[in-house]
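I opened the notebook to record what I looked up in this structure. The entries follow in the order in which I checked things.

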Amino acid sequence: MRVQHPFWYWNKSLSLKFCDDIIKFAKSKRRRVGRTKSLKTDNPTLSSVRNSNIIWLDETWIYREIQPYLKLANKNAGWNYEIDNAEPCQFTIYNSNEFYGWHTDRFDKEDLKKYDRDRNRKLSMTLCLSDRKDYTGGDLEFCIESSPDTTPDILTNEEFGNKGSICFFPSFMWHRVKPVLKGTRYSLVIWFGGKDFR
């Protein structure tokens, strides 16, 4: 499925205080190994797909700050998806040599049934919480082709990596976070969904 705008973003739009408050709050919670939809933590191939730690958050003050951007992105990009739910926030920690390879965020029909879900992910959001001087690498990239297995047409935007920058994209878009080369990259991810596309 192709869209006119593969992503919609604002550069350095969320306040530094908001970003720092999320980091401070998340660090008080228990972290766990990041998984993928299809691979369990004890799967030996997991580290070849994803290597990061996560903390789940579900705080009203976070959603309240993000909600206006969701509505604007959905409208301005021309997606106009029917959104009626938000999943818990995923605070992600990428240390040196950690990454998340090519993936999409949507569930296929088999997974929807497996996880007993009546809603699918339609829009994904990522908020960069780290200052560029605190890490190198870790770029967020998008593949414009239907799959990165072909020679991918890759979109990278340096501004995605600026603290306070927020990016929305359709959850069926292939994307990845390249390995962090130095330092630590913190980000916040939220998935917004509704009844599956017909």
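Entry 1. Which residue forms a salt bridge with R121? I found that E87 does, with the closest N and O atoms 2.9 Å apart. A salt bridge here is a side-chain nitrogen of Lys or Arg within 4 Å of a carboxyl oxygen of Asp or Glu. I noted that E87 sits in the loop between strand 5 (85-86) and strand 6 (89-94), while R121 belongs to strand 8 (residues 120-128), so the pair links distant parts of the chain, 34 residues apart. Helices (H or I, at least four residues) and strands (E, at least two) are DSSP runs, numbered from the N terminus. Both E87 and R121 are buried. Buried means under 20% relative accessible area, exposed means over 50%, and partly exposed lies in between (1.4 Å probe, protein chains only).

Entry 2. I wrote down the ground rules. The model is predicted: local features need pLDDT of at least 70, side-chain atom pairs count only at pLDDT 80 or more, and totals for chains, interfaces and linings use all residues. Residues are numbered from 1 along each chain as its sequence is written, and side-chain values use heavy atoms, with hydrogens and water left out.

Entry 3. I went back to R121 and looked for a ring. R121 lies over the face of W191, at 3.8 Å from the ring centre. The test for this is that NZ of Lys or CZ of Arg is within 6 Å of the ring centre and within 35 degrees of the ring normal.

Entry 4. I searched the whole structure for salt bridges and got eight. Side chains of opposite charge can pair when their charged atoms come close. K17 and D21 meet in one of them, at 2.8 Å from N to O. Both lie in helix 1 (residues 16-27), four residues apart, about one turn of the helix. K17 is exposed because its relative accessible area is 58%, and D21 counts as partly exposed at 31%.

D20 and K163 meet in another salt bridge, 2.6 Å from N to O. This pair links distant parts of the chain, with D20 in helix 1 and K163 in the loop between strand 11 and strand 12, 143 residues apart. D20 is partly exposed at 37%, whereas K163 counts as buried at 16%. I also noted that R132, D139 and E158 are joined into one network by salt bridges that share partners.

Entry 5. Five strands form an open sheet in the order 3-7-13-10-11, with antiparallel pairing. Two strands pair if DSSP finds at least two bridges between them. Strand 3 (50-51) and strand 11 (154-156) are at the edges with a single partner strand each, so one side of each has no neighbour in the sheet. Strand 10 (residues 140-143) pairs with strand 11 in the antiparallel sense over three bridges. Within that pairing, F142 stands opposite L155.

Entry 6. I counted 14 aromatic pairs in the structure. Rings of Phe, Tyr and Trp (its six-membered ring) pair if their centres lie within 6.5 Å; planes under 30 degrees apart count as stacked, over 60 as edge-to-face and the rest as tilted. F7 and F142 are a stacked pair, 5.3 Å centre to centre with 25° between the planes. F7 is in the segment before strand 1 (8-10) and F142 is in strand 10, 135 residues apart. Both F7 and F142 are buried.

W10 and F168 are an edge-to-face pair, at 6.4 Å centre to centre and 90° between the planes. W10 is in strand 1 and F168 in strand 12 (residues 166-170), 158 residues apart. W10 counts as buried at 19% relative accessibility, and F168 is buried at 0%. Ring pairs also link F7, Y9, F142, F160 and F169 into a cluster.

Entry 7. What does T126 touch, leaving aside its neighbours within four places in sequence? Its contacts (heavy atoms within 4.5 Å) include L140, I166, F169 and V189. T126 is in strand 8 and is buried at 11%.

Entry 8. Last, I checked strand 4 (residues 53-57), where four of the five residues are buried. Strand 4 runs antiparallel to strand 2 (residues 32-33), joined by two bridges, with N53 as the bridge partner of V33. Strand 4 also pairs with strand 6 in the antiparallel sense over five bridges, and there W56 stands opposite Q90.
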